[in-house]
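Trainee: I would like to go through this structure and check what the labels rest on. Could we take the contacts before the rest?

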Amino acid sequence: MATSLGLNALRLSLSVLRPSSCAVVPCQLTVAHKSHNATHVINYRRTRAEMAKAIRRKQNFLHFELVDKHRHSPLQTGTENISQETEVTAPRNYRYVMPEFMPRPDWERRDRVLEKLERRDMMRRRAIMNIPEFYVGSIMAVTVADAYAPSKKNRFVGICIDRGEYGLKAYFVLRNVVDGLGVEVMYEMYNPKVLSIEVLKLEKRLDDQLYYLRDALPEYSTFSFDMEPVQLPKGADVPLNTTKVKLKPTKEWECRWEAHDLQGVQPFEVNEKRMRRKEKSAEPWKKHDLMLDYRSRVPEEEEEQVMAEVFREKQVIDSQRKSMRTVLKKRK
Amino acid sequence: MATLLSNASQFAPAAVRLGTTCCAFSTTSKLLEVRLLSRMRIVDNSAIGRAAAEIGKPPRVIHVYNKKQVGHLGDKVLVTVKGEMRRAYIVGLKQKQRPNVPRTDTNNIVLVDDNGNPLGNRVLVPIPSALRANKKGDLTKVLSLATKFV
């Protein structure tokens, strides 16, 4: 096979040789002779039939358009002008509404195929169970399947103090004080054990994480289990709760909060030693580090592309749910 | 501390009686594991537990009844309360837990006697529902005292 290919290549190269490149002939010949021993010879000059065969879509082959949309290198011919099917663009703040759909910013560990598959699975889950929009600071109720409870269900109400991770592993943490005991539960949003997620009061807080509520007075994280959901007027912005919580007077907190630049905490004083320590551990240059900022985020084009896809699928799911509701109403 | 308790009283009557924390200062390590000499909080209404909370001396773990010597939810521990050795079950941990399993602000135990019968007759704080999945049957007497599951 190798010899026939080599001869074929030689014949083709000879047939297209122009008079100006006659000097190259000996060189070409030597190459062809050498290739008799080589195991693999690349045939750059393919016949039309061969080209057609190579281009044909294969069953077990993920086409590069699906995977390699990110590679806009001018060196890669054929990848510069890929038609984008994104007529629908997501709203600008959509990445804050559904942050778990964002690709992981750590580009070294990214896997684009996995991301795409995960996004598909997440959307499938959302088609079955409604996951509402929520933020850190919203008061939520979660029902999980509990095989050992008499009602086979377990409902917990609390304030969302944290949310994180990307993809199917996305989680949030609820906190409440029950009978004087602070209780926190971490739920995975796409865990099949989670039966329903409700938002009782949609609002934001001044900080990204509210772990300082552990060291605040218990009244700030006490919520009734039979709380009625608070309805927001249609089209209204998500309200920002500017409550400033009061930390416990004992300074033996679980974290040195003075070093964390908290917005939602009433001003407090700590001793000189701790202030010195805070100054020593401060990293004021970090906010000017452009590369750090760049590495902690996904490129904007990619974000837009992903979010448009998510937005489109979400609209389909919402319309399906709406039509289902009207059908159910008519049946009644 | 007094001001804190008076503030908390309207929200957490049970906490006031038991003391909000196990100890005035934290000496546990970063992982918050229940190991030898870690301080716990008794959450049943046994007389000895209440007396220990009143004098402000938290019970300390002196043995964990498993191979790893690290206590997890539902594990049996041996504690010293007011100079006495008592057995107890762990019913709440500060440490990070699995999804859907609650983490509490204090390390909680319920005292039992040598036969496994609880010393008190009521557990005053909510207990993780995940403990009911424990199939060994040791905990059933403790769980029957619970007033609330989370």
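Mentor: In chain A, 67% of the contacts with a separation of 6 or more are between residues 24 or more positions apart. Keep in mind that this is a predicted model.

Trainee: What makes a pair of residues a contact here?

Mentor: The cut-off is heavy atoms within 4.5 Å. For chain B, 47% of the contacts between residues at least 6 apart in sequence join residues at least 24 apart.

Trainee: What share of each chain counts as buried?

Mentor: Buried residues are 34% of the 332 in chain A, and 47% of the 150 in chain B. The accessible surface of chain A is about 22,400 Å², with 54% of that area on carbon and sulfur atoms. Chain B has about 7,500 Å², of which 52% belongs to carbon and sulfur.

Trainee: Why is E219(A) called partly exposed?

Mentor: Its relative accessible area is 31%. Buried requires under 20% and exposed over 50%, so a value in between is called partly exposed. E219(A) sits in the loop between β5 and α7 (272–281) of chain A. G180(A) is 39 residues from E219(A) in sequence, and their C-alpha atoms are 9.7 Å apart.

Trainee: Which elements does each chain have?

Mentor: Chain A has nine helices and five strands, in the order α-α-α-α-α-α-β-β-β-β-β-α-α-α along the sequence. Chain B has four helices and six strands, and from its N terminus they run α-α-β-α-β-β-β-β-β-α.

Trainee: How do you know that β1 (residues 139–145) of chain A and β5(A) pair?

Mentor: Pairing needs at least two bridges, and these strands have six, so they count as a pair, in the antiparallel sense. One of the residues involved is T143(A), whose bridge partner in β5(A) is S196(A). The open sheet has six strands, ordered β5(A)-β1(A)-β2(A)-β3(A)-β4(A)-β5(B), with antiparallel pairing.

Trainee: What makes a strand an edge strand in that sheet?

Mentor: An edge strand pairs on one side only, and this holds for β5 of chain A and for β5 (103–104) of chain B.

Trainee: Which strands stand at the edges of the five-strand sheet in chain B?

Mentor: That open sheet has the order β1-β6-β4-β3-β2 with mixed pairing. Its edges are β1 (41–42) and β2 (60–64) of chain B; each has a single partner strand, so one side of each has no neighbour in the sheet.

Trainee: How do you know that β2(B) pairs with β3 (residues 76–81) of chain B?

Mentor: Four bridges join these antiparallel strands, and the requirement is at least two, so they pair. Among the residues concerned is H63(B), which has L78(B) as its bridge partner in β3(B).

Trainee: What lines the second largest pocket?

Mentor: The space in that pocket is about 1,400 Å³. Its lining has 38 residues, and P132(A), E133(A), L202(A), K314(A) and D318(A) are the closest to the centre. In chain A, α5 (94–97), β5 (194–201) and α9 (300–331) each supply at least two lining residues. The largest share, seven residues, is from α9(A).

Trainee: What makes a residue of the lining count as charged?

Mentor: Asp, Glu, Lys and Arg are the charged class. By class, the lining has 13 charged, five polar and 20 nonpolar residues.

Notes:
Residues numbered from 1 in each chain as written. Chains lettered and ligands numbered in written order. Predicted model: local features only at pLDDT ≥ 70, side-chain atom pairs only at ≥ 80, totals over all residues. Heavy atoms only, no water. 1 Å grid on protein atoms, 1.4 Å probe; cavity = no way out; pocket = protein on both sides within 12 Å on 5 of 7 lines; lining within 4 Å. Points joined across faces, edges and corners; volume = space filled by probe spheres on them. Buried < 20%, exposed > 50% of the residue type's maximum accessible area, 1.4 Å probe, protein only. Areas by Shrake-Rupley, 256 points an atom, 1.4 Å probe, with all protein chains shown as cover.
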